[in-house]
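Me: I would like to go through this structure and ask, for each label, which value and which cut-off stand behind the label.

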Amino acid sequence: MVTQILGAMESQVAGGPAGPALPNGPLLGTNGATDDSKTNLIVNYLPQNMTQDEFKSLFGSIGDIESCKLVRDKITGQSLGYGFVNYSDPNDADKAINTLNGLKLQTKTIKVSYARPSSASIRDANLYVSGLPKTMSQKEMEQLFSQYGRIITSRILVDQVTGVSRGVGFIRFDKRIEAEEAIKGLNGQKPLGAAEPITVKFANNPSQKTGQALLTHLYQSSARRYAGPLHHQTQRFRLDNLLNMAYGVKR
């Protein structure tokens, strides 16, 4: 895959610098980064099957890397589709943005930008959304929420056996004030295709060890197929409840 990635990069940049990324994509910072953050980049829209080594090889082709991390779900180990790269030289970070931003990898168009240092205005901007139509895609969920601000990451939870949406998702905004506006505008509303109003609230991280242990157990057990449909429905009910417990919401 590394050879294919580098080949795709060479063919795409041959015609000039990559154009701007999609407007509804996760954005975190711009080229107007502060001096102490000109080496640290965030990369969004990575293919789900991209490995840590492939991620490092792609950005290591630009210059020396101090550190890089492909972010994965702490419970399932699945890629969340974004990562961070910290270069030794600010010039290499700038070159990576100019070279790799907008690069097409498989079905994705990656977004590369400066990662801003944490501040109070961007903390606690993660939303928990339930009651989503089972047919709603991640892109459609982003389009629904993007009217309230810039989206950093988004995710819809799916059944580990069937791959069908559980109607539960997470949206992280650029700023907390944007998340607050999304709650005001969408909580209790019925989006297109929804039979019931959706719930939009601030989400807690699943930090409690007991919640994580229970959630991990049910993720593992849900990977098995059950002969009895009632048993499977009961298992799914338990998993949905524990998802709500582990990702408890703030009122």
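Me: What does the side chain of Asn101 reach, and at what distance?

Reply: The side chain of Asn101 reaches the backbone nitrogen of Val112 at 3.1 Å. A polar contact is a pair of N or O atoms within 3.5 Å, where, within protein, one must be able to donate a hydrogen and the other to accept it, and where residues adjacent in sequence count only if both atoms are side-chain atoms. As for the basis, this is a predicted model, in which local features need pLDDT of at least 70 and side-chain atom pairs count only at pLDDT 80 or more, while totals for chains, interfaces and linings use all residues. Residues are numbered from 1 along each chain as its sequence is written, and side-chain values use heavy atoms, with hydrogens and water left out.

Me: Why is Asn101 called buried?

Reply: Buried means under 20% relative accessible area, exposed means over 50%, and partly exposed lies in between (1.4 Å probe, protein chains only). Asn101 has 9% relative accessibility, and therefore counts as buried. Its place is in the loop between α3 (90–100) and β4 (104–105), where helices (H or I, at least four residues) and strands (E, at least two) are DSSP runs, numbered from the N terminus.

Me: What makes Asp73 and Arg155 a salt bridge?

Reply: The term requires a side-chain nitrogen of Lys or Arg within 4 Å of a carboxyl oxygen of Asp or Glu, and the closest N and O atoms of Asp73 and Arg155 are 2.5 Å apart. This pair links distant parts of the chain, with Asp73 in the loop between β2 (65–72) and β3 (79–87) and Arg155 in strand β8 (residues 151–158), 82 residues apart. Both Asp73 and Arg155 are buried.

Me: How are Arg176 and Glu180 placed in helix α5, and why are they called partly exposed?

Reply: Their side chains meet in a salt bridge (3.2 Å, N to O), and because they are 4 residues apart in helix α5 (residues 176–186), about one helical turn separates them. Arg176 has a relative accessible area of 28%, so it is partly exposed, and Glu180, at 31% relative accessibility, therefore counts as partly exposed too.

Me: Why are the buried residues of α5 said to be on the same side?

Reply: The buried residues of α5 are Glu178, Ala179, Ala182, Ile183 and Leu186. They cover an arc of only 145 degrees around the axis, which puts them on the same side of α5; the arc is that of the directions from the helix axis to the C-beta atoms. These buried residues pack against β7, α4 (138–145), β9 (165–173) and β10, whereas the face turned away from the buried side carries the exposed residues Ile177 and Lys184.

Me: Why is strand β10 called largely enclosed?

Reply: In strand β10 (residues 199–203), 4 of the 5 residues are buried, so the strand is largely enclosed by the rest of the structure. Strand β7 (residues 126–130) is joined to β10 by 4 bridges, and the two run antiparallel; strands pair if DSSP finds at least two bridges between them.

Me: Which residues have the most contacts inside the largest nonpolar core?

Reply: They are Phe55, Phe59 and Ile110, in a core of 21 residues, a nonpolar core being a set of buried Ala, Val, Leu, Ile, Met, Phe, Trp, Tyr and Cys residues joined through side-chain atoms within 4.5 Å. Helix α3 gives the most to this core, with 4 residues.

Terms used: Contact means heavy atoms within 4.5 Å.
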